[in-house]
Amino acid sequence: MEHFSMVGFNMERNCTLPCPHGFEPYYPAKVLLLFLRTLYGLKQAAMQFWRELQKAFWYMKYQQNGADPCLAFRWVNGYLIIWILWVDDYLNAGPTELVEESTKQIKTLFECKDLSEMDEYVGCHVEQNRKEGYMKLTQPVLL
């Protein structure tokens with residue numbers, strides 16, 4: 001699993017913010033601050049990150065799934081490799097060599113942390129059986 005940073009991308013649209021509390025002495029009255037780059041926590045940061053990620057997957061020759069835009073996939077020599085996307089948490093699945101290669105490639109494009117093997121992903125239980133060659137995600141029933 002990868003965890004990406006959503007900060008530091010150029011803004012495509014103007015985003016302004018009133019002067020933050022405590023900074024008033026340093027700015028003229030009624031000033032608005034203009035963001036030139038994304039800031040974590042802004043809705044615009046998530047959208048801009050999504051746009052940048054779409055460009056990256058296009059560059060890496062992945063296709064977006066028609067039914068679920070949070071799934072990117074690519075066939076390499078008859079093997080399927082997928083990225084499952086949720087905000088800034090990404091699961092990369094496929095043959096080990098291809099996962100390692102695509103992880104290395106995405107790390108050249110983004111600042112990210114590899115959280116390695118997992119047993120949970122965004123609230124779903126992850127079961128992996130490398131010997132039999134499958135991964136199963138199940139969601140616990142909440143009553």
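**Close-up 1. Tyr26 on the surface.** Tyr26 is exposed, with a relative accessible area of 65% (exposed means over 50%, buried under 20%, partly exposed in between; 1.4 Å probe, protein chains only). Tyr26 sits in the loop between strand S2 (16-18) and strand S3 (32-34). Helices (H or I, at least four residues) and strands (E, at least two) are DSSP runs, numbered from the N terminus. This is a predicted model: local features need pLDDT of at least 70, side-chain atom pairs count only at pLDDT 80 or more, and totals for chains, interfaces and linings use all residues. Residues are numbered from 1 along each chain as its sequence is written, and side-chain values use heavy atoms, leaving out hydrogens and water.

**Close-up 2. Helix H1.** H1 (residues 43-59) has 17 residues. From first C-alpha to last, H1 reaches 25 Å, close to the 24 Å expected at 1.5 Å a residue (1.5 Å times one less than the number of residues). Buried residues in H1 include Gln48, Leu53 and Phe57. Just after H1, Lys61 takes a positive phi of about 70°.

**Close-up 3. The largest nonpolar core.** This core has 16 residues (buried Ala, Val, Leu, Ile, Met, Phe, Trp, Tyr and Cys joined through side-chain atoms within 4.5 Å). Leu53, Phe57, Tyr62, Trp83 and Ile106 have the most contacts inside it. H1 gives the largest share, 4 residues.

**Close-up 4. An open sheet.** Three strands form it in the order S9-S10-S11, with antiparallel pairing (two strands pair if DSSP finds at least two bridges between them). S9 (120-121) and S11 (134-138) each have a single partner strand, so one side of each lacks a neighbour in the sheet. Glu120 has His125 in S10 as its bridge partner.
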